Amino acid sequence: MTIDPVIMEWLQFAARWLHVITAIAWIGSSFYFIALDLGLRKSADLPAGAHGEEWQVHGGGFYHIQKYLVAPERLPDHLTWFKWESYWTWVSGFILLVLTYYFGAELYLVDATKIDLPVWGAVLISVASLVLGWFAYDLICKSPFGQDNVRLMLFLFAVLVALCWGFMQVFSDRAAFLHLGAVVATWMSANVFLIIIPNQKIVVADLKAGRTPDAKYGQIAKQRSTHNNYLTLPVLFFMLSNHYPLSYATEYSVIIAALVLLMGFTIRHFFNTMHAGGGRPYWTWAATAALFAFAVFLSTFPPSEADESQTAAASAKPPTRVAALMASPDFENVSGIVMSRCAMCHAAEPGWAGLAGPPKGVALETPDQIAAHARAIYLQSARSHAMPPGNVSYMEPSERAAIRAWFDGTAH
């Protein structure tokens, strides 16, 4: 199914906007409750069954919060459930995945230099990785192996690094990092939907029926909540990485992904320790800076000769859609416009000072590259004036019209 590029752009924008809004709500509440939980204090006048309390001030008012490990003797009539933020973050993220990577699979998901997958095959692998990834993670957590949290976290770290390597073998580099984040985000949201909330509902049902709830349900939910806490920052990095090719499209990007997972741990360890009253372990920031510097260093290595030869071989046989765009009688004129107005920045070695590589990894130096990125060129320079930025290369209105006529006459 073909969707008008302008409509698709706005659909993606709407989905991304919703995704950011719900993610802010989910991550904000998650970080708040982790800080609250770790900051609880004992006092002599706590009610029976209360684990701890904390006083907070915000917005000109004071809040007195108490936590019960199982439940209070009497359940209040009003009970707020924190779940919809998590659910809609995942739903909106999946919608964005479909709109960007499934509808745009030939450009963003499939990399013919690795495996020339049909679109349906790439989409099937994508969906299967999300579904099977959750079931595998859940089984590991519920197994005897998962009872040791330290051992479990080390194993999950190894699994995620291996998964990143696997994605790099079948998807484009950009899609590989995105899918690593999507798998982890699925774990996190499913933890809320299938573990944390159901366990809390069991406790509530027992309380209403006059039964004493089993504390194990809270312990299980606590383990999954801890996982969510330590995985949040890496997920944010992987979701933002598509804007920064030096993170995902270099020689050692799998190692960079591993370093990102470690940085997520060191940063959260600082805040968790501080909120728990254990001081401020500033060494974690030094460790984070060292890990980040190592990631920057790794990104400076150029692609291997094998990667470059594969890319050259793939470009000799462009996809059908790209070939059709290149066959247009207007293409020679359009490619000349793009090369003269855009390639000063969008090149393997940009001529514009301050650019280490082509913006967003998009090079427009050859006809096949121009045709492959036709939709983006059309939206950025023909349907809007976003590119060139500030019109620094003086693209003329007639040139924008030529690009518009070429795409409208060929892509529909």
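At 25% relative accessibility, N391 counts as partly exposed, a class that lies between buried, which is under 20% relative accessible area, and exposed, which is over 50%, with a 1.4 Å probe and protein chains only. The model is predicted, so local features need pLDDT of at least 70 and side-chain atom pairs count only at pLDDT 80 or more, while totals for chains, interfaces and linings use all residues. Residues are numbered from 1 along each chain as its sequence is written, and side-chain values use heavy atoms, with hydrogens and water left out.

**The loop between α15 and α16**

N391 is found in the loop between α15 and α16, where helices (H or I, at least four residues) and strands (E, at least two) are DSSP runs numbered from the N terminus. Most residues other than glycine have a negative phi, and most peptide bonds are trans.

The peptide bond from M387 to P388 is cis, with omega near -10 degrees.

**The nonpolar cores**

A nonpolar core is a set of buried Ala, Val, Leu, Ile, Met, Phe, Trp, Tyr and Cys residues joined through side-chain atoms within 4.5 Å. The largest one has 56 residues, of which Y101, L109, L160, F171, F177, W187 and F238 touch the most other members. The largest share of this core, 16 residues, comes from α6. Leaving aside its neighbours within four places in sequence, L160 is in contact (heavy atoms within 4.5 Å) with L180, V184, W187, L231 and L261. A second, separate core of 22 residues includes V338, C342, A402 and W406.

Helix α4 (residues 119–142) has 24 residues and reaches 35 Å from its first C-alpha to its last, close to the 34 Å expected when 1.5 Å is multiplied by one less than the number of residues. Its buried residues include G121, L130, W134 and Y137, and among the elements that cover the buried residues of α4 are α2, α5 and α7.

V254 lies in helix α9 (residues 253–275) and is buried, with a relative accessible area of 17%. Its contacts, apart from neighbours within four places in sequence, are V161, C164, W165 and M168. Although V254 and V161 are 93 residues apart in sequence, their C-alpha atoms are 6.8 Å apart in space.

**The second largest pocket**

About 1900 Å³ of space lies in the second largest pocket, where a volume is the space filled by probe spheres set on grid points joined across faces, edges and corners. On a 1 Å grid over the protein atoms alone, tested with a 1.4 Å probe, a pocket is an open set of points with protein on both sides within 12 Å along at least five of seven lines, and lining residues have an atom within 4 Å of a point. Of the 47 residues that line this pocket, F33, K67, Y68, F82 and Q200 are the closest to its centre. By class, the lining has 28 nonpolar, 13 polar and six charged residues, with Ala, Val, Leu, Ile, Met, Phe, Trp, Tyr, Cys and Pro counted as nonpolar, Asp, Glu, Lys and Arg as charged, and the others, Gly among them, as polar.
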